[in-house]
Amino acid sequence: MAEEKQTDYTPPAEDILLDVKGLRKWFPITAGLLRRVVGHVKAVDDISFFVREGETLGLVGESGCGKTTAGRTIIRLYEPTGGAVYFKTRTQTSDGSIKWVNLLDFDKKQMFPIRQEIAMIFQDPVGSLNPRMTVFDIVAEPMAIHGKGSGAEAEETVSRLLERVGLRPEQMRRYPHEFSGGQRQRIGIARALSLNPRLIICDEPVSALDVSIQAQTLNLLQDLQADFNLAYVFVAHDLSVVQHISDRVAVMYAGDLIEDAPTVELYRQPLHPYTRGLLDCVPRLGENKSEVDLRPIQGRIPSLQELPGGCIFRPRCPLAIEVCKQYPPLYEAGDGRGSRCHRWDEIRAGGVSASQPMPEGGEVRRVSVPEEDVLDVEDVKVHFTQGRSLFKLVSGAPPKKVKAVDGVSLDVPRGRTVGLVG
């Protein structure tokens, strides 16, 4: 690794792989013909967390909280504004000791070898996979760029990886559009594994998939983690997904990290009103929805250009008092927990409730509309004809057909919603 800047960083524990300290990513706001910078959007503002070897850290929060920006800044897809990202590389120092580097000190040339050790799985496999490349080319591309295999060696590696993620090796000559969404995400996972990384940043890898495929993909990621001793930073907004896969959870809100705790403890007793609100928004596994009062978080996430003073969650918080006009530190709450709430100890002791108030008039009101259908679908069929080889064309063999839709009928009444699932 050429001309790296040395660091005197000492990890807080031997098994730490990634240590993020005070990470900031501010996007400039420009105006005028000269594109003069007139301000900044603080997408990620002074967040800190760590990831152990073989561990999954869930990074959660509402859309727009800065989760994806944090992940992309760590891997230097976005240029950082400040902070430090310490990473334990495979490279050893001259005396044989473990080598730590600060990724934010690196230029693009110095980041090149690091990209063999940190990979990323993107949210949308349709957008992240090149439609003009075969599956083989997509998975083998990182190996070719880093000189880690070509020809028969690359084909053997791609074949092994495809089989490991649940795809048939003979599918490697096909193109992404020939696969389902879940299969395309498996191709992205195989690509991320191609250089045998130590850490993978998973940017909502299952949010575009249906529930059953989500479960399969999560199980696959856990199996791969055990097989390859991988560490994950798992970005998600779905708390049930995070609970299933994460060892620890870091909660973000409006660019700030507001709670950090082991997964079991966080779900058992969150120590920040925002985390409590996120959990109260969704039914728990095994609960009867008719017997559960879901409590949505009041208001909406503030604009990152107009953040409130003091605690940034204060305008939506049911526990806000005078002291909350002062910006809270990330209090150490013991047992590896942190909470950016002045009243975390009261919440833990049960002296106050951090739940949102029940909304008034929460009952769904049906609008009376004429019972008439605005759409009638009867026995719809969509059959695709498969291509034939030259031999089959000459021999006159009939083409095979794929029955994508075969005899579907449904009605859509006025003023009603018909869900089409599967």
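The model is predicted, so local features are taken at pLDDT of at least 70 and side-chain atom pairs at pLDDT 80 or more, while totals for chains, interfaces and linings use all residues. Residues are numbered from 1 along each chain as its sequence is written, and side-chain values use heavy atoms, without hydrogens and water.

**Exercise 1. The nonpolar cores**

Identify the residues that touch the most other members of the largest nonpolar core.

Solution. Step one is the definition: a nonpolar core is a set of buried Ala, Val, Leu, Ile, Met, Phe, Trp, Tyr and Cys residues joined through side-chain atoms within 4.5 Å. Buried means under 20% relative accessible area, exposed means over 50%, and partly exposed lies in between, with a 1.4 Å probe and protein chains only.

Step two applies it: the largest nonpolar core has 99 residues, and Leu18, Phe49, Phe87, Leu103, Ile200, Phe234 and Tyr274 touch the most other members. Another core lies apart from it and has five residues, among them Tyr9, Ala84, Tyr86 and Trp100.

Step three examines Leu103. Contact means heavy atoms within 4.5 Å. When residues up to four places away in sequence are not counted, Leu103 touches Ile74, Arg76, Val85, Phe87, Met111, Ile114 and Ile118.

**Exercise 2. The surroundings of Thr69**

Is Thr69 buried or exposed, and which residues does Thr69 touch?

Solution. Thr69 lies in helix α1 (residues 67-74). Its relative accessibility is 14%, and therefore Thr69 counts as buried. Leaving out residues up to four places away in sequence, Thr69 touches Lys25, Phe27, Ala43, Val44 and Tyr78. The C-alpha atoms of Thr69 and Pro113 are separated by 22 Å, the two residues being 44 residues apart along the chain.

**Exercise 3. Salt bridges**

How many salt bridges are there, and where do the partners of the Glu53 and Arg198 pair lie?

Solution. Side chains of opposite charge can pair when their charged atoms come close. A salt bridge is a side-chain nitrogen of Lys or Arg within 4 Å of a carboxyl oxygen of Asp or Glu. By this rule the count is 22.

One of these joins the side chains of Glu53 and Arg198 (3.5 Å, N to O). The pair links distant parts of the chain, 145 residues apart: Glu53 is in the loop between β2 (36-52) and β3 (56-60), and Arg198 is in the loop between α6 and β7 (199-203). Glu53 is partly exposed at 32% relative accessible area, whereas Arg198 is buried at 18%.

A further salt bridge joins Arg340 and Asp256, with the closest N and O atoms 3.6 Å apart. Here Arg340 is in the loop between β12 (337-339) and α11 (344-349), and Asp256 is in strand β10 (residues 256-262), 84 residues apart. Arg340 is buried at 10% relative accessible area, and Asp256 is buried at 4% relative accessibility. Salt bridges that share partners also join Asp15, Arg52, Glu55, Arg248 and Asp260 into one network.

**Exercise 4. A nonpolar surface patch**

Which strand supplies the largest share of the nonpolar patch?

Solution. Patches are made of residues with over 30% relative accessible area and no salt bridge; like charges are joined within 9 Å and nonpolar side chains (Val, Leu, Ile, Met, Phe, Trp, Tyr) within 5 Å. Accessible areas come from the Shrake-Rupley method with a 1.4 Å probe, and for residues only the protein chains shown count as cover.

Val380, Val382, Phe384, Val402 and Val408 form the patch, with about 350 Å² of accessible area together. Strands β13 (373-385) and β14 (401-413) each supply at least two of its residues. The largest share, three residues, comes from β13. Phe384 has its place in strand β13 and counts as partly exposed at 49% relative accessibility.

Definitions and conventions. Helices (H or I, at least four residues) and strands (E, at least two) are DSSP runs, numbered from the N terminus.
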